[in-house]
Every structure is written in structure tokens, then in C-alpha cells.
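Hi there,

Here is the structure I promised to pass on to you.

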Amino acid sequence: MYRPHFTSPRGSWPVWSTVLIFLGVAAILGVTIGLLVHFLAVGKIYYYQGEFHITGVRYNISCETATSQAGTELSRDIENKIYDAFQNSSIYKDYINSQFIKFLPQANGSIVQLELVFKFPPAKKNIRKTEIEDILRQILQDNMASWQAVPTSIKLTEISKANAELLTNNCCGRPLVNSLADNKVVKGKDALSGAWPWQASLQWRGQHFCGASLISRIWLLTAAHCLQRIKNLDDWTINFGTIVNKPLRRLKIKNVILHEYYKNSTNSDDIALVELAEEVSFTKYIRKICLPEADMKLSPNDSVAVTGWGALYMNGILPVTLQQAFVNIIDNKICNGSNSLSGLVSDKMLCAGFMSGGADACQRDSGGPLAYQNSRNIWILVGIVSWGDGCGKKNKPGVYTRVTAYRDWITTKTGL
């Protein structure tokens with residue numbers, strides 16, 4: 001008998017399903033390969049705290065204050081030689097920055113603390129750390145005699161970005177960015193955000209009135225003539241940030257201390273302290289400037305920077321964004337010439353600008369900082385905007401309160 005043969009039907013796999021599976025697998029492979037490439041090849045920023053031991057000299061110097069001359073020379077030498085060594089090393093492309101943080105005194109010498117920043121792929125993390133340690137050890141080996149360094153004392157510890165910022169935020173005179181463009185306060189250009197983090201706006205009823213400089217978590221320096229008629233402290237605030245009407249932080253004032261011998265008629269002793277009602281927290285954008293040692297000397301033609309929200313020209317408009325000017329120190333004898341300021345500049349004042357005119361402070365810049373960058377690129381407060389004959393006029397440079405002349409007065413009032 002005929003027996004029919006039945007076979008089970010077998011339909012073919014749909015084309016669209018094959019395509020979807022292929023695309024899914026490709027996507028997974030793509031992500032996996034991308035992550036692998038990123039891990040192996042894309043750089044990540046790493047922060048390190050470095051330490052080593054020097055013998056013989058017991059320093060107790062922190063980056064929170066301007067260092068002594070001896071400490072400045074040694075810390076500058078350390079920074080320069082570390083910079084040169086990494087720039088000339090096989091990992092120079094990975095090197096971003098390094099800086100001295102502090103000396104910590106020990107029984108038989110000092111511990112040098114550093115911050116170092118590199119950028120390299122995570123896959124090279126272990127080998128790079130070893131290479132960095134080897135380079136630092138060689139630097140110490142090469143400078144055993146001059147630094148009395150101990151090469152075997154090198155210690156390198158990876159730290160978080162937040163902890164790295166804490167190390168430098170407490171340092172005085174170190175801005176977030178280096179702003180050395182030739183801008184002017186008079187007819188000027190905008191300063192970069194974070195370039196002058198110690199600059200503050202002294203405001204009366206919400207309007208910019210004078211400048212001020214942050215010198216600690218609670219104290220600022222300004223000009224006495226800015227506050228000579230102050231009555232109600234509640235009308236006054238201190239604003240921080242580059243944009244004058246959009247502050248990063250606004251704080252109330254607890255107390256004002258004018259110099260006891262300030263005279264408006266002669267502009268003598270034009271210096272005042274402002275005490276905040278609460279401590280300000282240091283950040284990348286709010287930091288203090290270093291105070292000078294009383295014996296610090298400036299030379300004619302030294303370059304200094306003046307910053308503020310003052311008028312862009314005499315009786316002119318006030319800018320919203322902080323302005324900066326780079327001017328030169330002018331010898332008081334030249335400033336006091338008969339064709340200049342005719343003997344009105346005392347030894348407790350200093351002149352800065354150009355005898356040919358041009359860059360200068362102007363109205364409402366009063367009280368703001370005149371800052372000098374030392375050989376370690378640390379900014380030091382050397383002057384306070386005080387007075388002038390017009391703004392940017394020929395033979396009429398700006399006159400500033402000389403901060404070194406009041407270093408003891410500042411210490412007496414604040415303990416700094």
C-alpha cells in the first residue's frame with residue numbers, strides 16, 4: 001500500500017533577524033573595543049603628593065605665606081630642577097606641572113612636600129609611577145651636596161583631584177590660571193576667571209565702591225580713604241569673583257580698622273583692614289595673596305600688576321568684568337619731580353605706571369592690589385591703589401600705599 005511521506009516544514013531564518021543580531025553583536029564589540037582603546041590609549045590626569053628628606057636645615061615654611069629669602073631660593077631651585085628634569089625626560093609629554101608646597105621641620109632636617117601632575121593612559125599607571133619615582137630619585141642624587149637631599153627618602157602618593165586642590169587652595173599668591181596678557185585697567189580688556197582670586201569688590205548697598213585684597217580667611221586689605229566715612233556696616237559687603245554683579249561669594253563685614261594716622265589731606269597712611277563676619281573658604285577662584293616681608297625691596301622697572309573694576313578712563317564707565325594692567329615700578333625721586341607729582345610721594349608710598357602715560361588705575365580701583373610676581377611665580381601684595389592725578393596721564397603715574405612699610409602694623413592688628 002502506498003504510504004504518503006510527510007516531511008516537517010522548515011522555513012528559512014528571516015533576513016531582518018539576522019541583520020539585527022549582526023548589528024547588536026557589532027555594537028557590543030564596538031563598545032568593548034572603544035572601552036579597551038580608551039583604557040589603553042586615552043590619557044587621564046593623575047595627581048601625586050611627593051615628599052623627600054633634606055638634612056641639616058630645619059625649615060618650617062608653608063606655601064600659605066611668602067617664604068624667607070633662604071627658603072625662596074631653595075624652593076625655587078627645587079621647582080626649577082624638577083621642572084627641567086621632567087621636561088628633558090622620556091615622559092616629558094606626560095608631565096603637566098609640579099610645585100613646591102611646604103617644608104616640614106624634622107629632628108635632623110626638613111621634609112619637602114611637592115605636588116606633581118601628569119597625564120597618561122590608565123594602562124601605564126604603574127610603570128609611570130615607577131618612572132616618576134626614578135626621575136625624582138635621580139634629581140636628589142644629583143643635588144645631594146647643594147640640597148643635602150636623601151635620595152632613598154622619596155615617597156610618591158597618588159591623591160585625588162579634590163585633595164590636590166586642597167593643597168594649592170591654601171597656598172597664597174597662586175592663581176588658577178596665568179594671566180600675563182597686556183591688558184589695561186584704563187581702556188582695558190577683561191581678566192580671565194581665576195587669574196586674580198584674591199581680588200574682592202568692596203560694595204556699598206550692592207554697588208561696587210572700592211577694591212580690596214584677601215590676605216587670610218577673614219582679613220582683607222584696602223585703602224583707608226575708601227572707608228573713612230563708613231557709618232553702618234550693614235550697608236557694606238565683600239564680593240568675590242571676576243564678574244562684579246554676579247559674585248561667587250558675598251560676605252558681610254564684621255569690623256573695619258583704619259590706620260590711626262591716616263590723613264585725607266596728604267593721603268598718608270592710606271591703609272585699612274576689613275574683617276569678615278565669617279571665614280571664607282578657599283577655592284580655585286577664591287584664594288589669598290601673599291604678604292611681603294618687611295625688608296622686601298622692589299627695583300625701578302620691576303613689572304607689577306594692578307587689577308580692579310574702576311573706570312576705564314577718567315570719569316568713564318565702570319566695567320562689569322575685572323580688568324588688569326601691567327605697569328612698572330617708578331623710582332620715587334622721578335615721581336616726585338617738578339614736572340610730575342612735585343614731592344607729594346612719601347617713602348611709605350610707591351609709584352607705578354609709565355611716565356609716558358597709558359596703563360594706570362583709575363576711579364573706583366582704590367583699595368585694590370598692586371601685585372608683584374617673584375622668581376617662583378608667586379604673587380605678593382606690594383601696593384594698595386591710593387591716589388593719582390587723573391588716570392593714565394603723561395608724567396602722572398599712579399601712587400600706591402607701600403605694603404612693606406606697614407607689615408608690622410598688619411601683624412599687630414591681625415597676627416598675620
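Below is what turned up, going from the cores to one residue and then to the barrel.

Please keep in mind that this is a predicted model.

Let me begin with the packing. The largest nonpolar core is made up of 48 residues. Those with the most contacts inside this core are Trp196, Ile215, Leu220, Leu221, Ile238 and Phe240. Another core, of 28 residues, lies apart from it, and includes Leu74, Ile78, Tyr95 and Phe103.

Leaving out residues up to four places away in sequence, Leu220 touches Ala200, Ala212, Ser213, Leu214, Ile215, Ile238, Phe240, Ala272, Leu273, Val274 and Leu276.

Gln203 may also interest you. This glutamine belongs to strand β5, which covers residues 199-204. Gln203 counts as buried because its relative accessible area is 2%, and the cut-off for buried is under 20%. Its side chain forms a polar contact with the side chain of Ser201, at 3.1 Å.

Finally, the barrel. Six strands form a closed barrel in the order β11-β12-β13-β16-β15-β14, with antiparallel pairing. On average, neighbouring strands of this sheet are turned by 45° against each other, ignoring direction. Ile329 has Ala352 in β13 as its bridge partner.

Methods: Residues are numbered from 1 along each chain as its sequence is written. This is a predicted model: local features need pLDDT of at least 70, side-chain atom pairs count only at pLDDT 80 or more; totals for chains, interfaces and linings use all residues. Side-chain values use heavy atoms; hydrogens and water are left out. A nonpolar core is a set of buried Ala, Val, Leu, Ile, Met, Phe, Trp, Tyr and Cys residues joined through side-chain atoms within 4.5 Å. Buried means under 20% relative accessible area, exposed over 50%, partly exposed in between (1.4 Å probe, protein chains only). Contact means heavy atoms within 4.5 Å. Helices (H or I, at least four residues) and strands (E, at least two) are DSSP runs, numbered from the N terminus. A polar contact is a pair of N or O atoms within 3.5 Å; within protein, one must be able to donate a hydrogen and the other to accept it, and residues adjacent in sequence count only if both atoms are side-chain atoms. Two strands pair if DSSP finds at least two bridges between them. Axes are lines fitted to C-alpha atoms, for helices over the stretch in contact, and angles run from 0 to 180 degrees between N-to-C directions.
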